[in-house]
Amino acid sequence: MSENTIVSLPDQSTARIPRDNYITRENGLLSWLLTSDHKRIAILYLISITFFFFIGGALAGLIRLELLTPQTDLMATDTYNKVFTMHGVIMVFFFLVPSVPATLGNFFIPMMIGAKDLALPKINLLSWYLYMAGGLLALYTMAIGGVDTGWTFTTPLSTHYVNTNVLTTGLAVFIAGFSSILTGLNFIVTIHKMRAPGMTWFRLPLFIWAHYAASILMVLATPVVAIAILLVALERTLGIGVFDPTKGGDPLLFQHLFWFYSHPAVYIMILPGMGVISEVISTFSRKRIFGYTAVAFSSVAIAVFGFFVWAHHMFIMGISNYAVLVFSLLTMLVAVPSAIKIFNWTFTLYKGSITFETPLLYAFGFMGLFTIGGMTGVFLGSSGTDIHLTETYFIVAHFHFVMVGGMLMAFLSGIHFWWPKMTGRMYPEKISQLAAVVTFIGFNLTFFPQFILGMLGMPRRYASYPPEFQILNVFSTAGATILGVGYLLPVLYLIWSLKYGEIAGNNPWQATGLEWQTQSPPLTENFAVMPVMDHEAYDYDWLEKQQKKEAHRAG
Amino acid sequence: MPDSSENAHGAALAAHEQHPSYLRHHFNSVEQQADASNFAMWLFLLTEVMFFGGLFTAYLVYRNWYYPAFVSGSHQLNVVWGATNTVVLIFSSFTMAMGVWCAQTRRRRGLVLCLTLTFILGLSFLGIKTIEYREKIEKHHVPGFHYSLQSFLDPQSDPEVYAEYHDKPLAPDMARHTELYFSLYFLMTGMHALHMIIGIAILGFMILRARAGTYTAGHVTFVENFGLYWHFVDIIWIYLFALLYLISRH
């Protein structure tokens, strides 16, 4: 592989991690817990979301284990309800929503635009504390008996019929929502006001455009779910009647308010992932992203369209037929900007000098799985097929293809891509390529059978099922174990690499972003000299000239 | 040459010393810092609009469905108190705006005076709101706490309101929906009052700092941003007044 790689590392016998960097500048636990450095906060987030990911993952394992057999044998049915609810709550609100933005976004948005920090560093720290408060409250809820409404808190189930811990879970989500609002707000202000001289809007890396679009969604949509949850809490405690049909209220109003957030929320989750893919595809094919402007605006288009599709979650809930028509059409429109991205990435790869390092393998995984996930979204957006497919495993498979196959692949791609910058050391290449392949295989084995199960009519959210569905469920559970291995591997070798990985140097990938033009790990203030952006994004000729100049100077 | 470079270095040092103490390290200039925090405040207000937007949506839906109940419910509110509160808040917005001007023109005593007036007006608003809430509690018009339909099924049992509006009795089915009206009334005004309480608490803190001269040394961003918040809360009230008190008056 040595000739087929762009990796250029410094001479390992002489290379050292720079003595002064953001990790070594200050010591002690308090220097981390009270930090206002965006890079340290990103690391705090990275550790905490990994923790929540494995809790959510363990719950997913329990679900798959129960579904290994048609009977309910591992746990009682109401326990099963609690397990899938907590799996959803933890994965959606405490992993997927903050995953890329709060870790990679936090770390790299200021570096990519040439700033010393986010505009509001203390607000940034506050958002992590809110996230932790929400997350720990969710865990506490799980410990005292959990909640069984599904992560959607559907009324009137959540307000009138269950006596599990709806209030504490709701509060946990409410608090985490504010954390997300503050992150989005911080990003928008930073991208507007903190760009380095020469960093115009159309010189921004596409990672920034994607985060900008996602931040708009965080800021505008999250307050609506906050008020929806508040109303559920008041309905449950005081019986205010807003969602109670006996008093004239309408449970459908809850659906509108909830999905007005929770549909855009899936774009909050996927857009930053798309930003990662743009960076990785460009770097590993040595080309400027094909159709830069189209990709940039497609992020914004996804954000805008994303606000007007929420009622496609309610096609079978008795909304008017005209509304179904309009929302069905709008839903299909979202496929357009998503497809623009996929096509432009493909054209970027076309005739590029591609090298197959781990980040690109994960990115390929993303492109394939997201395309399948996105296309099946069109099935579900068509009002006719939706009536058959909704509330079946088809929708579970669709959502997991987009979120796990798409978002999680993008997250892992980004983690590998920027790991050398964050830690100063390379991850081990061979085993990480293996992990990427294992993840891909495990994923397909887990979730592809669920499309078929859904088509055959197996409903979701039940602990038992008719025996004829067992074979496909066994495939799915077997796949989940492989997937589990695929996720455990990176944790092990990434931790290993902290001490034993090769020294990465400033720019191991020969990438063009400003974040690669400074030392790794970076200084607390990111750049020794204030950077000036004098070239377009993804300009590999500029990079080559720059490197020649430096070699000349060193010579 | 060594001399000139030394001079340049000296000039850079001097420039560094000229940086005011309130300039945070990650900003390049005071303008950038002020710009960023003002912009952040506007974005925060945008999230507030969306937050209240959920309640306004609920109001819109139920008012369209149960218009007679909403009219009768609104007749239970005291328009005079509501109007007084509107005037109080608009006036407090004026004193707040004057406060921002005082901070910008570095008038310490003026600033303290304006903030104190705003503080007092804010408290007066809450005082009047308390009187109104108390009346609702006495009439059992608080949803979820022994809510009573008496005033709507038999308007003449409520002579004061009847004398003013001569409402016809509502059908029992429609009368039930007045509870939704009062739910929304308490939710919306309660949420607004919560914002007022937070604002007043911050005002108290600001008065202390203003007396020490913190805001009259050139760094006025905090006062400006608080002003934006206060005006926003004021505007929300103006909408609430029209939507909750004046339903049948057009």
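This is a predicted model: local features need pLDDT of at least 70, side-chain atom pairs count only at pLDDT 80 or more; totals for chains, interfaces and linings use all residues.
A crossing of two helices is called left-handed if the near helix is turned anticlockwise from the far one by less than a right angle.

Two packed helices are described by the angle between their axes and the distance between the axes. Helix α4(A), residues 99–112, packs against α8(A) at an angle of about 125°, and the two axes are 10 Å apart. Because of that angle, α4(A) is oblique to α8(A). The crossing of these two helices is left-handed.

Which residues make the contact? On the α4(A) side you can find P101(A), G105(A), F108(A), I109(A) and M112(A), and on the α8(A) side F207(A), I208(A), H211(A) and A214(A). Sorted by class, this contact has seven nonpolar residues, two polar ones and no charged ones.

## Where the chains meet

Now turn to the place where chain A touches chain B. Here 29 residues of chain A are in contact with 25 residues of chain B. On the chain A side, the elements giving two or more residues are α7 (166–193), α8 (206–238) and α9 (251–285). The largest share, eight residues, comes from α8(A). So what classes of residue does the side of chain A that touches chain B have? There are 20 nonpolar, five polar and four charged residues.

## Backbone features to look for

Most residues other than glycine have a negative phi, and most peptide bonds are trans.

|---|---|---|
| T155(A) to P156(A) | near -5° | between α5 (121–143) and α6 (157–161) of chain A |
| S520(A) to P521(A) | about -10° | between α16 (470–500) and α17 (540–554) of chain A |

R106(B) has a phi of about 60° although it is not a glycine, and it sits in the loop between α4 (79–104) and α5 (108–138) of chain B.

Look for H166(B) in the loop between α7 (159–165) and α8 (172–176) of chain B. H166(B) counts as exposed because it has 10 C-beta neighbours inside 10 Å, and the cut-off for exposed is 12 or fewer.

How values were computed
Residues are numbered from 1 along each chain as its sequence is written. Chains are lettered from A and ligands numbered from 1 in the order in which they are written. Two residues are in contact if their C-beta atoms, placed from the backbone, lie within 7 Å. Helices (H or I, at least four residues) and strands (E, at least two) are DSSP runs, numbered from the N terminus. Ala, Val, Leu, Ile, Met, Phe, Trp, Tyr, Cys and Pro count as nonpolar, Asp, Glu, Lys and Arg as charged, and the others, Gly among them, as polar. Axes are lines fitted to C-alpha atoms, for helices over the stretch in contact, and angles run from 0 to 180 degrees between N-to-C directions. Angles under 35 degrees count as roughly parallel, over 145 as roughly antiparallel, 65 to 115 as roughly perpendicular and the rest as oblique. A residue is buried if 20 or more other C-beta atoms lie within 10 Å of its own, exposed if 12 or fewer, and partly exposed in between; C-beta atoms are placed from the backbone.
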